[in-house]
Amino acid sequence: MPSETSGADLGRHLIRYSGHAPFSPEVVVRAAGTSVFTESGRELLDFTSGQMSAILGHSHPAIVSTVREQVAHLDHLHSGMLSRPVVELARRLAGTLPAPLEKALLLTTGAEANEAAVRMAKLVTGRHEIVSFARSWHGMTQAAANATYSAGRKGYGPAAPGNFALPVPDRYRPSVVGADGELDWRRQLDLGFEMIDAQSVGSLAACLVEPILSSGGVVELPPGYLAALADKCRERGMLLILDEAQTGLCRTGDWYAFEHEGVVPDILTLSKTLGAGLPLAAVLTSAEIEQRAHERGFLFFTTHVNDPLPAAVGNTVLDVLVRDRLDERARRLGAALREGLDKLAARHEVVGDVRGRGLLLGMELVGDQVLGEGGADRLGAAVTRRCFELGLHMNIVQLPGMGGIFRIAPPLTASDDEIARGVAVLDQALTDAAGAL
């Protein structure tokens with residue numbers, strides 16, 4: 001009888017939850033810094049920061065110390081009780097944000113935060129229609145899943161009424177172009193809202209978007225787009241909700257990606273990076289919106305709302321980000337990583353585009369042109385496998401037609417040598433995989 005800890009039996013008793021993507025072929029037993037270590041003794045450089053979350057790397061000493069101390073002192077409370085870590089984290093988050101964002105709700109996951117934000121927007125506006133990008137990913141709970149268009153919509157019955165998709169302003173693969181052949185994002189945005197207005201029953205409540213689409217292919221919004229989108233929302237009395245699960249807290253070189261454009265949302269959601277790998281999320285909004293929601297009986301009472309243990313971790317994350325100036329570090333390391341990826345693009349004809357900001361970068365392969373339909377997906381999977389064999393964990397967008405797009409997001413604490421080593425492994429993997437196919 002085969003061991004249940006061997007090869008194909010690893011997932012014997014596990015429900016497969018990631019579509020057709022398989023589990024990793026090895027069991028991880030330890031993680032530290034930018035590396036994870038398997039049962040077989042292999043070290044893998046982690047260029048995904050866990051689930052795009054561990055911005056301080058794995059097992060950061062300050063996080064370890066906080067968890068040990070806090071769990072022995074105060075870990076979980078009735079959801080109506082307050083603790084000092086919760087009060088302090090809400091205050092400090094408000095201090096990192098521009099006015100009028102000053103009210104915080106602490107939750108566990110990004111889907112939960114988006115769920116609460118959409119629920120609040122519907123209650124405050126008295127409307128129900130939600131707009132999001134056609135390649136969006138906002139989570140797998142009800143309202144978040146209804147606003148998610150990149151995957152997971154088929155086979156689950158009808159979605160909630162009043163959810164509309166907005167075209168993605170993808171400069172590499174533009175759907176609307178001007179006379180110069182470049183993306184005409186203003187015309188695209190106008191056309192998108194013309195379609196939304198035609199379908200709306202007059203109940204537009206909010207627009208929920210990422211400032212840089214991650215699962216949608218690491219698509220950075222063109223300069224000026226976010227401000228124009230905010231104008232569209234104001235014209236219709238909609239709230240603008242920005243999902244900064246992956247872009248928030250220094251990942252892109254700014255504390256928040258929206259700062260790059262000088263646009264302040266009505267509601268901001270944070271998750272992944274806020275807990276640096278532990279389950280912590282937040283919804284932030286203005287005192288005015290919070291007051292209106294409260295007056296109308298806003299209800300989002302969960303088992304782990306405002307829990308003290310993850311809140312203490314969030315405070316430590318802020319401590320380290322400030323102390324180590326990780327926004328500046330993300331800009332510097334991001335520039336070095338971008339330079340390395342640009343050199344790979346010049347050397348490998350299958351690399352079509354490099355994009356992104358700070359330490360959230362995308363690299364798109366163009367295997368279809370060489371290998372036929374689906375070639376980019378096959379090549380992306382092959383490069384990912386070869387990276388794994390060579391000691392680098394990479395992440396491709398696990399969606400049909402997008403499997404040739406890498407999401408590259410090492411921890412902000414990575415060293416210069418680790419960045420260089422990751423690029424070198426990727427270079428070798430591209431050479432080996434392209435040659436094999």
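This is a short talk on the fold of one protein chain, from its overall build down to a single residue.

Hello everyone, and thanks for coming. What we have here is a predicted model, in which local features need pLDDT of at least 70 and side-chain atom pairs count only at pLDDT 80 or more, while totals for chains, interfaces and linings use all residues. Residues are numbered from 1 along each chain as its sequence is written, and side-chain values use heavy atoms, with hydrogens and water left out.

Let's begin with the whole chain. The protein chain holds 14 helices and 17 strands; these are DSSP runs numbered from the N terminus, with helices being H or I of at least four residues and strands being E of at least two. Its radius of gyration is 22 Å, close to the 22 Å that the globule rule gives for 437 residues, so the chain is as compact as a globular protein of that length. That radius is taken over C-alpha atoms, and the rule is 2.2 Å times the number of residues to the power 0.38. Along the principal axes, the C-alpha trace spans about 65 × 60 × 50 Å.

How much of the chain is buried? Of the 437 residues, 53% are buried (under 20% relative accessible area, with exposed over 50% and partly exposed in between, using a 1.4 Å probe and protein chains only).

Now to some strands. Strand β7, residues 204-209, is mostly covered, with six of its six residues buried. Which strands pair with β7? One is β5 (residues 129-133), which runs parallel to β7 over three bridges; pairing here requires that DSSP finds at least two bridges between two strands. Within that pair, Ile 130 has Ala 206 as its bridge partner in β7. Another is β10 (residues 239-243), also parallel, joined to β7 by four bridges.

Thr 269 counts as buried because its relative accessibility is 1%. Its contacts (heavy atoms within 4.5 Å), not counting residues up to four places away in sequence, include Ile 241, Leu 242 and Asp 243, along with Ala 113 and Val 283.

Finally, elsewhere in the chain, four strands form an open antiparallel sheet in the order β13-β14-β17-β16. β13 (351-357) and β16 (395-396) stand at the edges with a single partner strand each, so one side of each has no neighbour in the sheet. β13 pairs with β14 (residues 360-365) over six bridges, and Arg 357 has Leu 360 as its bridge partner in β14.
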